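Subject: Structure handover

Hello,

Here is the structure I said I would pass on. My notes on it follow below.

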Amino acid sequence: MYNKIERTVRKWLPENVQPECVEKVGLQIVTERQERVLKNPNSYIDYGYSFPGVNLTKQLCLESVRELYATQGLRPVVADLGAGFGTMTWKLLAAGAQVDAFEKQVPTAKELQKRLTSMDKELWSGEDLNDILRVYAKNALSELENPEFENRYDVIWVSQMLHFLTPDEMNQLVQLFKKILKTGGMIFIEMNSPQTLQSLDPLKLIEHSVENAKKLKFEYPGFLCVNAATLINHNTSQIDGKMVVSVFDQEQMQTKSIPIEGNAFGVGYLGHSNSHDNEQYLAQFMKPGYQYSVNRFYQTANWFDDEIALDTFEKAGFETACYYYGSDGQKYYTRSTLNDKDAVALSIFLKKSSQLELDEKPKELSVVLKYGIFKANHHEYLLVEAKQFCREDVQYESLLKAIENKDYALALRKASAAASLPLVRLLLKFSKKLAFDINQPSPSNGLTALDWIRNTDDRNVPNKQEIIGILERYGALTKDALQLLSAAQQVL
Ligand SMILES: C[S@@+](CC[C@H](N)C(=O)[O-])C[C@H]1O[C@@H](n2cnc3c(N)ncnc32)[C@H](O)[C@@H]1O
C-alpha cells in the first residue's frame with residue numbers, strides 16, 4: 001500500500017521535490033490513516049470531524065494546485081474553508097499553495113496551527129510557515145466579506161463544511177464565491193449528500209425527506225435535521241433525555257421548532273459524554289483512555305444531491321460538474337451509476353461560467369475532471385452516462401441506439417418498459433435540457449412511458465412504485481389521461 005501512496009503523492013507534489021520529501025508525505029498520510037481510520041490504540045491524536053486521507057476529490061484539487069504552481073512559478077493562493085484540524089491544509093501547502101485556513105471554532109483553529117507548526121517544514125520546501133499560511137479563527141462567511149479577499153483565490157477548497165450552512169448562509173456563500181474567486185479559478189467542494197448515509201438508512205428516510213422537500217419546492221430541499229444516532233442504532237429513542245426522530249425536512253423543522261443551530265459541531269460531540277464544551281473537550285484530546293462515541297449526535301444538514309447542486313450553482317453563474325465517490329474514495333459515480341452500498345460523499349467542481357472559453361466539447365465527467373469544465377453538450381453527456389451504465393448489456397442495445405438517434409422519448413419508453421430506475425432517472429434528468437416530450441406515445445399502441453411501467457408485472461419489478469413516482473414528479477401521464485386532456489382542450 002505504501003508504494004501505491006508514494007506513486008499518487010508524486011502526482012501532486014511539485015516535480016522537483018526530493019525523494020525524502022515524497023517519503024515523508026507518504027508516511028504522514030499513512031500515519032493519519034492509521035490514527036483516524038484504523039484507530040491505532042497507541043495514539044490519542046484526535047481528528048474530530050476532520051478527514052485525513054487523499055480521496056479522488058482531494059487528489060484532483062492537489063494536482064490542480066501543483067499545476068498552477070508549475071505554470072505560474074508562484075504559490076497559488078488557496079482558501080481552505082472550515083479547515084478543521086488541517087488535514088488538507090498541510091497537503092495544499094506541500095502541493096505548492098499558500099493557504100488561508102478559515103476555522104470558526106477557536107480551539108480547533110489553534111490546534112490546526114499547532115499541528116502544522118510541529119510538522120517538518122521540508123514538507124513545504126523549507127519555507128517559513130508564517131509566510132505561506134494564515135489561520136483565521138473566524139466564521140468564514142463574515143470574514144470573507146472583507147474587501148481584502150476580493151479576487152484573491154486561485155483555488156477554494158471546501159470539505160465537509162457546506163452542509164452545516166442554513167439556506168440563508170448558503171446564499172451568502174454562493175455570492176462570496178463569485179467575489180473572492182479569481183478569473184479562471186476553481187472551487188472544489190465535497191459534502192454529504194442525501195445518499196451519504198444510505199447504507200444506514202434502509203427505510204430511506206433521508207431520501208424521502210429530500211424528495212418531499214423538492215415537491216414542496218424548497219429553495220434548499222436538502223436542508224434537513226438528521227439524527228445520526230437513530231440511523232446508526234435503530235433502538236435509540238432518546239438522547240440526553242430528549243426524544244429523537246431521524247429526519248425532519250425544512251418545513252417540519254419549522255413546525256416542530258427544531259433549532260437550526262443544533263448541528264454536529266454545536267450540540268453534537270465526539271468524545272466523553274460530558275464533553276460538550278470544546279475547550280474542555282480539546283484539553284482531553286491526547287489523554288490515554290480517550291474514547292470515541294460517534295453515535296451521539298444529530299445535525300442539521302444542507303445535503304445537496306447532484307440535481308440541487310447543479311441548480312444552485314448554475315443559477316449563480318457557475319459551470320459545474322458533480323460526482324459521487326465511493327467508500328474507497330477513489331472511484332467516482334454519477335447518480336445513475338451509483339449503487340446502494342457505495343456512496344460516501346458528493347463532490348462539486350465549479351468555475352465562473354462567464355470566464356470560461358465556451359467550447360462545445362462533451363461534458364464527459366472524466367474529461368471534466370482532467371481538464372476542467374466545458375459548455376455542456378447535453379446529447380453527448382447523456383450518451384456517455386447511458387453507455388457507462390449499460391456497458392455491453394445487449395438488453396439495452398436498442399435503447400442506446402434510440403439515444404444515439406436523438407429519439408429520447410423512445411429511449412424513455414424503453415427504459416420504462418425495462419423497469420430500469422437508473423435509466424429512467426437519467427433520461428428524465430435530461431428531459432428539460434434536451435427538450436423532449438416525456439409523454440410522447442408509442443406510434444403502434446399509444447402507450448406512454450408511464451403506461452409501460454404501470455403495465456409491467458409487479459412481481460418482477462422491485463422498483464415499480466419508485467419509477468412511477470419519479471415519472472409522475474416530472475409530469476408523466478398515462479395514455480388515458482393524455483386523451484382526456486386533449487379532449488378537454490378541444491372543448492375549450
Ligand atoms: C466536518 S469538519 C471538516 C473539516 C475539514 N474540512 C475536513 O474535511 O477534514 C467542518 C468544520 O467546518 C467548520 N465550520 C463550519 N462552519 C464554518 C464557518 N462558517 N466558518 C468557518 N468554519 C466553519 C467547523 O467548525 C468544523 O471544524
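Helices (H or I, at least four residues) and strands (E, at least two) are DSSP runs, numbered from the N terminus. The phi of Ser125 is near 55°, a positive value in a residue other than glycine. Ser125 is partly exposed, with 17 other C-beta atoms within 10 Å. On this scale a residue is buried if 20 or more other C-beta atoms lie within 10 Å of its own, exposed if 12 or fewer, and partly exposed in between, with C-beta atoms placed from the backbone.

Two remarks on the source. The model is predicted: local features need pLDDT of at least 70 and side-chain atom pairs count only at pLDDT 80 or more, while totals for chains, interfaces and linings use all residues. Residues are numbered from 1 along each chain as its sequence is written.

Overall

The protein has 21 helices and 13 strands. Of its 492 residues, 41% are buried. Among contacts with a separation of 6 or more, 67% are between residues 24 or more positions apart; two residues are in contact if their C-beta atoms, placed from the backbone, lie within 7 Å.

Sheet

Eight strands form an open sheet with mixed pairing, in the order β3-β2-β1-β4-β5-β13-β11-β12. The edge strands are β3 (133-136) and β12 (332-333), each with a single partner strand, so one side of each has no neighbour in the sheet. Two strands pair if DSSP finds at least two bridges between them.

Strand β1 (residues 77-81) has five of its five residues buried. Val77, Ala79 and Leu81 are on one side and Val78 and Asp80 on the other, and both faces are covered. β1 runs parallel to strand β2 (residues 98-102), joined to it by five bridges. Leu81 has Phe102 as its bridge partner in β2. Strands β4 (residues 153-159) and β5 (residues 181-191) also pair in the parallel sense, over six bridges. Here Tyr153 has Leu181 of β5 as its bridge partner.

Helices

Helix α8 (residues 167-180) has 14 residues, and its first and last C-alpha atoms are 20 Å apart, close to the 20 Å expected at 1.5 Å a residue. The expected span is 1.5 Å times one less than the number of residues. The buried residues of α8 are Met170, Leu176, Phe177 and Ile180. Seen down the axis of α8, they fall within an arc of 120°, so they line one face of the helix. The arc is that of the directions from the helix axis to the C-beta atoms. Asp168 and Gln175 are exposed, on the face of α8 turned away from its buried side.

In helix α9 (residues 205-215), the buried residues are Leu205, Ile206, Ser209, Val210 and Ala213. They fall within an arc of 130° seen down the axis, so they too line one face of their helix. The buried residues of α9 pack against β6 (223-227), β9 (247-248) and α11 (250-255). Just after α9, Lys217 takes a positive phi of about 60°.

Helix α21 (residues 479-491) is hardly covered: its count of buried residues is zero among 13. Its end C-alpha atoms are 19 Å apart, which agrees with the 18 Å that its 13 residues should span at 1.5 Å a residue.

Ligand

The ligand is surrounded by 20 residues, of which the closest are Tyr49, Ser50, Gly82, Gly84 and Ser159. A residue is near a molecule if its C-beta atom, placed from the backbone, lies within 6 Å of it. This shell divides into nine nonpolar, nine polar and two charged residues. Ala, Val, Leu, Ile, Met, Phe, Trp, Tyr, Cys and Pro count as nonpolar, Asp, Glu, Lys and Arg as charged, and the others, Gly among them, as polar.

Two further positions

Ala419 is in the loop between α17 (408-417) and α18 (421-429). Ala419 has a positive phi of about 55° although it is not a glycine, and counts as partly exposed with 19 C-beta neighbours inside 10 Å.

Cys390 lies in helix α15 (residues 378-390). With 18 C-beta neighbours inside 10 Å, Cys390 is also partly exposed. Leaving aside neighbours within four places in sequence, Cys390 is in contact with Tyr396 and Leu400. The C-alpha atoms of Cys390 and Thr337 are separated by 9.4 Å, and the two residues are 53 apart along the chain.

Regards
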